[in-house]
Amino acid sequence: MPSDKTSLRAVGIWLLVCCALVAVMVVIGGLTRLTHSGLSMVEWKPLTGFLPPMNTDDWQRLFDAYRSSPEFREINHGMTLSGFQEIFWLEFIHRVIGRVVGLVFLLPFLWFLLRRQLPSCLIWRLAGFFLLGGMQGVMGWIMVKSGLVDQPDVSHYRLAAHLGLAFLIYGLMFRQALLLLEPESHHAEVVAGPLRRPTWILLALASITVIAGALVAGLDAGLSYNTFPLMDGQIIPDNLWHFDPWYINPLENTATVQFDHRVLALLTLALALWLGWRGRVETAFPLLALAALVQVTLGILTLLFEVPVVLGSLHQAGALLLFTAILWALHRIRPIPLSSFYEKGLSCPDR
């Protein structure tokens with residue numbers, strides 16, 4: 001039987017719940033990174049990893065496995081079992097929540113599917129979301145694995161890929177949820193049209209800034225040049241292009257990586273503030289500007305205080321909040337009314 005508005009609204013609410021869980025995953029992943037807990041689990045058991053250590057023997061086995069890792073040998077060689085337990089729990093919780101997200105997505109998806117409450121095009125989209133979620137789990141392990149071979153730290157490239165994929169999954173699900181919950185367009189083309197292209201540019205700019213921030217985190221670049229707006233007493237530091245070949249500087253030179261992140265963040269803020277003023281007739285745009293201002297403020301404070309855990313975690317959460325605000329603004333100014341899809345019984349908006 002064809003899907004109706006009530007069924008699709010339920011699907012939209014379910015996708016928002018999944019988005020909330022992904023947001024929790026992003027925040028806990030940031031905490032895991034900031035507390036140096038991410039390499040505490042040296043094994044990946046995607047199907048059997050729900051249960052924590054149940055007794056002393058379990059703890060000792062996990063600790064013995066960790067003692068063979070580069071992080072223990074080079075950094076935490078004096079760590080005791082109790083110290084290992086302190087760094088273990090965040091990574092364990094991060095992995096368990098990842099499995100919970102998978103179940104919260106899969107079980108309702110199968111329920112809607114069996115009850116024939118999904119149009120065919122939406123089935124394929126949702127299946128794609130689930131596939132991306134599985135890829136994210138694999139990407140997380142590939143990232144962790146890079147810190148278990150020679151160096152006691154994960155590859156900053158893989159860290160950026162892991163975070164970027166999380167934002168992609170969140171963004172796709174959030175946008176689809178909005179289309180299902182609010183299918184009708186509210187603004188005339190004369191109002192929405194001029195805002196559409198710069199808002200898409202802002203989304204691209206904010207996304208690149210997030211990836212640049214992941215490179216900063218992966219290289220621990222936030223622990224140097226802890227002043228603002230100057231870096232080592234200069235607006236543009238001298239050592240931006242010291243690495244050879246020159247093109248690896250934006251990827252591996254900590255000064256260049258941090259400088260790029262600063263510039264991208266300020267460009268994002270400038271465009272967001274302009275859009276906040278230009279689109280002030282739509283509430284989403286002033287909120288977008290406010291989110292950008294809060295995020296840049298958090299970034300500056302995080303830098304000035306040399307990346308404390310609380311500020312670093314809030315900064316990562318702020319990035320997701322800004323990303324959400326931009327998606328919401330784009331939804332509010334989408335180009336066509338979508339009620340015709342429901343009227344025709346298709347129930348599968350594409351824009």
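1. Secondary structure. The protein chain has 12 helices and 0 strands. Helices are DSSP runs of H or I with at least four residues, strands are E runs of at least two, and numbering starts at the N terminus. From that end the elements read α-α-α-α-α-α-α-α-α-α-α-α.

2. Basis. This is a predicted model, in which local features need pLDDT of at least 70 and side-chain atom pairs count only at pLDDT 80 or more, while totals for chains, interfaces and linings use all residues. Residues are numbered from 1 along each chain as its sequence is written, and side-chain values use heavy atoms, with hydrogens and water left out.

3. Overall dimensions. The C-alpha trace of the protein chain spans about 65 × 55 × 35 Å along its principal axes.

4. Of the 351 residues, 48% count as buried (under 20% relative accessible area, 1.4 Å probe, protein chains only). Take the contacts (heavy atoms within 4.5 Å) between residues at least 6 apart in sequence: 76% join residues at least 24 apart.

5. H4 against H5. Helix H4 (residues 81-114) and helix H5 (residues 120-145) pack at about 165°, with axes 11 Å apart. Axes are lines fitted to C-alpha atoms over the stretch in contact, and angles run from 0 to 180 degrees between N-to-C directions. That makes H4 roughly antiparallel to H5 (over 145 degrees). H4 passes H5 in a left-handed crossing: the near helix is turned anticlockwise from the far one by less than a right angle.

6. The H4/H5 contact. H4 contributes residues including Glu91, Arg95, Phe105 and Phe109; from H5 come, among them, Phe129, Phe130 and Trp141. The residues divide into 11 nonpolar, 1 polar and 2 charged. Ala, Val, Leu, Ile, Met, Phe, Trp, Tyr, Cys and Pro count as nonpolar, Asp, Glu, Lys and Arg as charged, and the others, Gly among them, as polar.

7. H10 against H11. The axes of helix H10 (residues 284-304) and helix H11 (residues 309-332) come within 9 Å and cross at roughly 160°. The two are therefore roughly antiparallel. Their crossing is left-handed. Among the contact residues are Phe285, Gln295 and Thr302 of H10, and His315, Trp328 and Arg332 of H11. By class, this contact has 15 nonpolar, 6 polar and 1 charged residues.

Key: Angles under 35 degrees count as roughly parallel, over 145 as roughly antiparallel, 65 to 115 as roughly perpendicular and the rest as oblique. Buried means under 20% relative accessible area, exposed over 50%, partly exposed in between (1.4 Å probe, protein chains only).
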